[in-house]
Amino acid sequence: MIRNYLKIAWRNLLKNKVFSLINIGGLAVGMGVAILIALWVYDELSFNKYHANYDRIAQVMQNQTWNGEIGTQEANPAALGEEIRNLYSSDFTHVLQASWNFNHTLTYGEKMFLKPGSYFEPGVAEMLSLKMLHGSRDGLKEMNSILLAKSVAETYFGNDNPIGKVLRVDNEVDVKVTGVYEDLPYNTSFRDLTLILPWSLYLSQNEWVREMDDPWDSNFTRTFAMINEQADMQKVSAKIKDVKLNKVSIDDRRYNPMMFLHPMSKWHLYSDFKNGINTGGRIDNVWLFATIGVFVLVLACINFMNLSTARSEKRAKEVGIRKAVGSIRNQLIMQFFSESVLIAALAFVLSVLLVFLILPYFNGVADKKIDLPWSDPLFWITGITFSLITGLFAGVYPALFLSAFQPVKVLKGTFRVGRYASVPRKVLVVLQFTISTTLIIGTMIVYKQIHHAQNRPIGYSKDGLISIPVTRQIHEHFDAVRTELISNGAIVEMAESGSPTTSVWNTNGGFDWEGKDPEQAVDFPNNAVSVDYGKTIGWKIVQGRDFSRDFASDSSAFILNEAAVKFIGFKGDPVGQTIHWNNRPFTVIGIVKDLLVQSPYQPVRAAMWHLTGGMESVFLLRINPKSGVKDAMSKIETVFKRVNPASPFDATFVDEEYARKFGNEKRIGELATLFAILAVFISCLGLFGLASFVAEQRTKEIGIRKVLGASITNLWRMLSQDFVVLVMISSVLAIPLAYYFINEWLKQFEYRTNVSWWVFMISIAGAITITLLTVSYQAIKASLMNPVNSLRTE
């Protein structure tokens, strides 16, 4: 019986090729979108699950109160790990201190490359369940040792056994390879951990850490922990809350540091904190795109329902004859379900092919490395089940509708679907275009928000500005390098800074000024810079003056931004005021326009700058506009390599670095655009099919109207107006729906665009234009037909 159902279903598909292609094509696109989004959602939800101890690993973080708010940070004192191990050893398997992940220069013979990695205390290989290919997980117990990812080991040693080979790190120390581990996958927070150095080596290289008067005074390291199997994450987190509070000085207790465990399961999807509370993160995007995937699939199913029921009169006699010869309604329902499941199965095969073709582009847009799991039985079981459910969902309404026809009326020729038979189809078309128009409006607002933030004044000139990591050799010859590069026309200025212009690497407390509440805890970005920093980045002085070599007193001077002046609330002119930093007086010599250093969507923080007293983190160079970028970069690289031949030349354009701040929103916008286009395509495909059916159904009417003198324009208007009205109704419904979701999305940004009326108008006009273009082909084609052909049977 099932074989017979499928055979008849196949014959019906071949008999009605256009409608079959529209149904299969629409469903294939909808299912393809659903599969793409499902793969993306799975990748997001499985983030970090590569690590066997996923549910027991956490990062130790802290909430501190400063500037009247509770801030959450990853940076901790270097003494924290040992203190937690001593106090709560029964709750933890590992508590490890680690540095931030930075590029390190690795040299072996003539081979010299930059590779990202971190310093860790022993135990990291076990905690992260690294799969060792050579050596053992205990390789970091020796101070001058290193663990390498497989790809890095192959870069330097090819297929040779790397164990025991000696590499030079950052041109400062020699280390021995004691282990090689499998490269970590792209969907883990440690994907850039391509080398691991011992924490003891970090301490030996940084004398200032070992000689700190108070090891709890500075937050500059990360702390990772793995709880015991029997321990409860929330209870252990509550235990360690006051670890730092009990160790800091009385003055620092004003910051009220509260430690907590942030589980690995929340690192990727729940990374946002506001006022000390975890407020979500990328999980919002997961819900957003999962919803879009469901909606797009529903659009495709609506096409099937509409086209199937629209052709009901053509299949009415078939149903009547089947019932007359003894078919019961359940058999007819099974017949129609067989057709819908067959269409869904064919659509699934086509959708997998579409996903395979589009996946490279999708990965590039989404910043993923997703592959189709061809060899995974679960994928195929899920796909077949998905096809079956989609087929049943798409076919349930047509099956029930068509199987309910009365054979007596059908065979006597008195059957008519009735004046209200098209209402469900119209409702479904309205639903289709409501969803599509909502997606169009949402996509436009995403790009409007990105454009709004990109046009925000940043307070300096990022074009032609490059950033290069500081090395000791260049730092020691800073003046000579700067002079040569200015002389050869490559740059107009050069400076050294503790932080790049696109992020904050250092903040400080301990500030006092006249009128300040002694109990108020403050924390400001406080950047150490060389004297020509302002000229290099092109900041704008609004009061006072810049740093100068002509004033020896500038070694005890501050330049503030406008946000700092507003926060402090000086009485009178801020220039000339005194601010004490750890009891040392600094004079305010200048005020600059707010520099947009952190998120372009958040308010600018109060910040200060002072002259450096030692080696900092980055060099900033302003390329001479009279020299071409290529020529200038060549000259800069030549000088840097001559002065420091042991380090690769690693320059970053600041405008490119700044553009990365919009990466997440741009990905959302590009993905939303892709899915909105596909949603509109599916809706138009269904509209095209319906227009074709309506034109076919009204062939004789069109012929009579032409005989009576109707123009092509009149006929086009007659056939198009119903669809335009439906789309206009959809637009009216889409406006409040889109407005609600847009406002919810924009709430995450403090600096956000307004929701302009013209966005809705353009979206509605676009939807109507697309509708007219879609139905006009069939309308004009029907209008141009010779009435003799359509009326010859009358």
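Analyst: Gly-489 follows helix α17 and has a positive phi, near 80°; helices here are DSSP runs of H or I with at least four residues, strands are runs of E with at least two, and both are numbered from the N terminus. The model is predicted, with local features requiring pLDDT of at least 70 and side-chain atom pairs pLDDT 80 or more, whereas totals for chains, interfaces and linings use all residues. Residues are numbered from 1 along each chain as its sequence is written, and side-chain values use heavy atoms, without hydrogens or water.

Helix α17 itself spans residues 478–487, and its buried residues are Phe-478, Val-481, Arg-482 and Leu-485 (buried means under 20% relative accessible area, exposed over 50%, partly exposed in between, with a 1.4 Å probe and protein chains only). Seen down the axis of α17, these buried residues fall within an arc of 100°, so they line one face of the helix; the arc is taken from the directions that lead from the helix axis to the C-beta atoms. An α-helix has 3.6 residues a turn, so residues three or four places apart point the same way.

On the face of α17 turned away from this buried side lie the exposed residues Asp-479 and Ser-487. The cover over the buried residues of α17 includes the helices α16 (472–476) and α20 (629–643), together with the strands β16 (491–497) and β25 (618–623), where contact means heavy atoms within 4.5 Å.

Elsewhere in the model, α23 passes α24 in a right-handed crossing, that is, with the near helix turned clockwise from the far one by less than a right angle, anticlockwise being left-handed.
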